[in-house]
Structure formats: structure tokens, C-alpha cells
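User: I am new to this structure and would like a short tour. Could we go step by step?

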Amino acid sequence: MLAGPGSGKTRVITHRIARLVATDVPPQQILAITFTNKAAREMAERVDVLLPDVKPWVGTFHRFCAQMLRRHARGVGLEPNYTILDMSDQRRLLKSVMAALGHDATPFPPPKIAARISQVQNRLVNPQSLAENPASGIGDFQGRIVAEVYPAYQKALQQSNAVDFDDLLLHVATLLEENPELRSQLDERFRYI
């Protein structure tokens, strides 16, 4: 559902959840997912007011993906106790990777490279695809640096048993794409999204 701030999206969704539960839909089959922690908290609070004893799954995309990835981490080469890097840790690792590849961080600051990698990840492009086709959406010089750094960065994350926030989404998309059985399990579990 897309609408402007204050237009009643949360109210509509929470009342829809209440109606589903009132029609005997098991709460564990309901997935209410949003972008921000603030919106998720507000939605959970409103659901709790309408349904005090009922707990459907309410949270952010990142939280949902983090929980799913914990259960299926080995499917993407991670251990279930992986670490989620914050922005400063991500940039520190990226700077180290760039230095190891011989790239000076002055003309290519890690925050800018991180932003470009994030754009690629949000288009669900994995490092192998980008390495095979560096022009896939980022054909300038900085893009060619990203095409070289991104696979090395991902390898460093893997070796550290770590992910960044965008990896949460990319890894789960990969898991779902490569595992029809897992997709079926999710379809069975969450009938109402």
C-alpha cells in the first residue's frame, strides 16, 4: 500500500489484521512488514490495542530477512551466528578491501563506493553477475572500481561471517530464488501479507 504520510495506511492495515483474526485466520499466518523501525513499532502497538492476546508477525523488511537468514545462513555460505555490520564497520572493511586492491580512498571515498554497492545490491545484482558484466547499470569509471571492489568486499564479509544491511535482503532474495521448497514453506506459513 502506497500513500502519503498521515493518510491512514497503518490504521487500514491494523484493522485489516483485526478483521482477518476475527474471521478465524491464525495470527501466525499474517505477516505485516514495513520499512522503518518506527513504523513497525507503531503498527505493532496498534495491533496490540486491537488484539491484545494475538501476535501476528509485525516488523521491518530487514528484521524479517535477518531472522530468516539466521535459520538458513548456511544456504548462502554463512554461519547462523553471523554479524550485521553497522555503517562505520562496513566502511572500515570497505576501506581495507580497497587498500588491498590498491585503490586510493581519496578519489574513491568508501562512503561513495558503499553507496554505489548498495545501489547494485538493491537491484539484486550479486558480485559474480557484476564482475561478469561491469556495465550492468554503473558504466562510469567509479562503476568499474565498484565492479572490482564489490566481489572482494563480499568475500571479506563472507570470511568474517558478516553481512551489511543490504546483504540481508540480497541473501534472502538469493535463498528464495534458489530454493523453491523454501518459497513454498513461506507461502504456506504466511498466507496474508
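**A first look**

User: What is the relative accessible area of Ser88?
Analyst: Ser88 is partly exposed. Buried means under 20% relative accessible area, exposed means over 50%, and partly exposed lies in between (1.4 Å probe, protein chains only). The relative accessible area of Ser88 is 41%.

User: What is the mean pLDDT of the protein?
Analyst: This is a predicted model: local features need pLDDT of at least 70, side-chain atom pairs count only at pLDDT 80 or more, and totals for chains, interfaces and linings use all residues. Residues are numbered from 1 along each chain as its sequence is written, and side-chain values use heavy atoms, with hydrogens and water left out. pLDDT is the predictor's confidence in each residue, from 0 to 100. In this protein 95% of the residues reach 70 or more, and the mean is 91.

User: Which helix holds Ser88?
Analyst: Helices (H or I, at least four residues) and strands (E, at least two) are DSSP runs, numbered from the N terminus. By C-alpha atoms, Ser88 is 9.3 Å from Pro111, though 23 residues separate them in sequence. Ser88 is found in helix H4.

User: How many helices and strands does the protein have?
Analyst: Along the sequence the pattern reads α-β-α-β-α-β-α-α-α-α-β-α-α. The C-alpha trace spans about 60 × 40 × 30 Å along its principal axes. The secondary structure comes to nine helices and four strands.

User: Which element has the lowest mean pLDDT?
Analyst: Where pLDDT is low, the predicted coordinates should not be read in detail. At the top is strand E4 (residues 162-163), with a mean of 98. The lowest mean, 77, belongs to H6.

**The cores**

User: What share of the residues is buried?
Analyst: In soluble globular proteins, nonpolar side chains tend to be buried together. Here the protein has 193 residues, and the buried share is 39%.

User: How many residues are in the second, separate core?
Analyst: Ile117, a member of the largest core, touches Leu94, Val146, Val149, Tyr150 and Tyr153, not counting residues up to four places away in sequence. The second core includes Trp57, Ala66, Leu168 and Val172. Its residues number 18.

User: Which helix gives the largest share of the lining of the second largest pocket?
Analyst: On a 1 Å grid over the protein atoms alone, a cavity is a set of points where a 1.4 Å probe fits but cannot get out; a pocket is an open set with protein on both sides within 12 Å along at least five of seven lines, and lining residues have an atom within 4 Å of a point. About 380 Å³ of space lies in this pocket, a volume being the space filled by probe spheres set on grid points joined across faces, edges and corners. Its 16 lining residues include Asn126, Pro127, Gln128, His171 and Thr174, the closest to its centre. Six lining residues, the largest share, come from H8.

User: Where is Leu124?
Analyst: Leu124 has a positive phi of about 60° although it is not a glycine. Its place is the loop between H5 and H6.

User: Is Asn161 buried or exposed?
Analyst: Asn161 sits in the loop between H7 and E4. Its phi is positive, near 50°, in a residue other than glycine. Because its relative accessibility is 15%, Asn161 counts as buried.

Conventions:
Core = buried A, V, L, I, M, F, W, Y, C linked by side-chain atoms within 4.5 Å. Contact = heavy atoms within 4.5 Å.
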